[in-house]
Amino acid sequence: MEQEEVLQSLFKNRTGILATMHKKEEVISPILEKELGIKTVVPKGFNSDKYGTFTGDVDRIGGQFEAARRKAEGALALYNESLAIASEGTFGPHPHIPFIPFNREVVLLIDKENDIEISGMAATTETDFKHKRVKNFTDAYEFALSAGFPETGIVVKVSEHSKDPNEMIKGITTKENLEKAVLYALEESADNEIFLETDMRALYNPKRMKNIEAATRDLVKNITSLCPSCQWPGFKITDRTKGLPCKWCKKPTQLTLSYHYNCSKCGYSEEEKYPEGIKEADPGNCQYCNP
Ligand SMILES: [Zn+2]
Ligand SMILES: [Zn+2]
């Protein structure tokens, strides 16, 4: 079968439950519809916040993939369907450059009918993940503008560790509401200082929305990559081998020598050597030639 036929027979015109409530369908649905023919449905009343929030009032259980899986499984159980899509994001310092903020998005598809679970991922430093302590509205407004306000929403908390819903105001997108929230929080604050952060929910965060779109494209790329042996979707990179040799001394470096593709259905695997298109590493990457 051709790739097109395989994908059509698996996904075309099926209903996919989109386990989300923050308008992520705006970027996810058109891609899944166009590329796979899946008709996505956002269930009314699906409370994805119960699986964890960014503001700390509900803790997330498990890692990022686990959280996405729990949402997708939760939606499948609730709506008696066999196909679900969920996404999950994380924010924090860049893993190698601590002072740069970093956003990683995962979009996961679970298909119970065909026993398929495939994910897509996108990571970026293009994010408005920021916070600040302030003592007055002037400083609060200045911070907000520096974080992309009003396109990016703001959360005002009485203190950094506030968990009580009465101690935080989310989704602020107007100057007027920001001022109200700041004055309210200052009133409640014990030390005349309050805590502001960017609202990281997708609908209040255009940069995050873009990254969710990129993760969805990565998901489609992984789904449409079929196993050369059994034609099943999801033939993707599962491992990489380091050790691209140095151009001068030929000793192995930390750079990628090969990618390993693996089929979760039949177990077929393939090694792709020199995936970056170069056979030798620049000596600048060599621990012997460039100490
Ligand atoms: Zn070398
Ligand atoms: Zn296979």
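Colleague: How do I read the accessibility of Glu35: buried, partly exposed or exposed?

Modeller: Keep in mind that this is a predicted model. Buried means under 20% relative accessible area and exposed means over 50%, with partly exposed in between. Glu35 has a relative accessible area of 37%, so the residue is partly exposed.

Colleague: Which residue forms a salt bridge with Glu35?

Modeller: The criterion is a side-chain nitrogen of Lys or Arg within 4 Å of a carboxyl oxygen of Asp or Glu. Glu35 pairs with Lys34, and their closest N and O atoms are 3.5 Å apart. Lys34 itself is exposed, at 68% relative accessible area.

Colleague: How many salt bridges does that rule give?

Modeller: The count is 18. One of them joins the side chains of Glu33 and Lys39, with an N to O distance of 3.3 Å. Glu33 is partly exposed at 38% relative accessibility, and Lys39 is partly exposed at 38% as well.

Colleague: Which parts of the chain does the salt bridge between Glu117 and Arg69 link?

Modeller: Start with the contact: the closest N and O atoms of Glu117 and Arg69 are 2.7 Å apart. Glu117 belongs to strand β5 and Arg69 to helix α3 (residues 64-79), so the bridge connects distant parts of the chain, 48 residues apart. Both ends are partly exposed, Glu117 at 40% relative accessibility and Arg69 at 26%. Elsewhere, salt bridges with shared partners join Arg14, Asp111 and Glu113 into one network.

Colleague: Now the metals. What are the protein donors of the zinc ion (ligand 1)?

Modeller: The donor atoms are the SG atoms of Cys246, Cys249, Cys286 and Cys289, 2.2 to 2.4 Å from the zinc ion (ligand 1). Along the chain their spacing is C-x2-C-x36-C-x2-C. Cys249 sits in the loop between β10 (236-242) and β11 (256-262), while Cys286 sits in the segment after β12 (269-273); this pair links distant parts of the chain, 37 residues apart.

Colleague: What is the geometry at the zinc ion (ligand 1)?

Modeller: Four donors count as tetrahedral if all angles lie between 85 and 135 degrees. Here the angles among the 4 donor atoms run from 104 to 113°, and the site is tetrahedral. As for accessibility, Cys249 is partly exposed at 28%, whereas Cys286 is buried at 1%.

Colleague: Why is the arrangement around the zinc ion (ligand 2) tetrahedral?

Modeller: Its 4 donor atoms subtend angles of 106 to 114°, which makes the arrangement tetrahedral. Those donors are the SG atoms of Cys227, Cys230, Cys263 and Cys266, at 2.3 to 2.4 Å, with the spacing C-x2-C-x32-C-x2-C. Cys230 is in the loop between α6 and β10 and Cys263 is in the loop between β11 and β12, so this pair ties together parts 33 residues apart in sequence. Cys230 is partly exposed, at 29%; Cys263 is buried, at 3%.

Colleague: Last, a helix. Which residues of α1 are buried?

Modeller: In α1 (residues 3-11) they are Val6, Leu7, Leu10 and Phe11. Viewed down the axis of α1, the buried residues fall within an arc of 100°, so they line one face of the helix. Glu4 and Ser9 are exposed on the face turned away from that buried side.

Colleague: What covers the buried residues of α1?

Modeller: The covering elements include α2 (25-36), β3 (83-93), β4 (101-111), β5 (116-124) and α6 (206-223). Just after α1, Asn13 has a positive phi of about 65°.

Methods: Residues numbered from 1 in each chain as written. Chains lettered and ligands numbered in written order. Predicted model: local features only at pLDDT ≥ 70, side-chain atom pairs only at ≥ 80, totals over all residues. Heavy atoms only, no water. Donors = N, O, S within 2.8 Å, 3.2 Å for Na, K, Ca; no water. Tetrahedral: all angles 85-135°; square planar, octahedral: opposite > 155°, others 65-115°. Helix = DSSP H or I, 4+ residues; strand = E, 2+ residues; numbered from the N terminus. Buried < 20%, exposed > 50% of the residue type's maximum accessible area, 1.4 Å probe, protein only. Arc of directions from axis to C-beta. Contact = heavy atoms within 4.5 Å.
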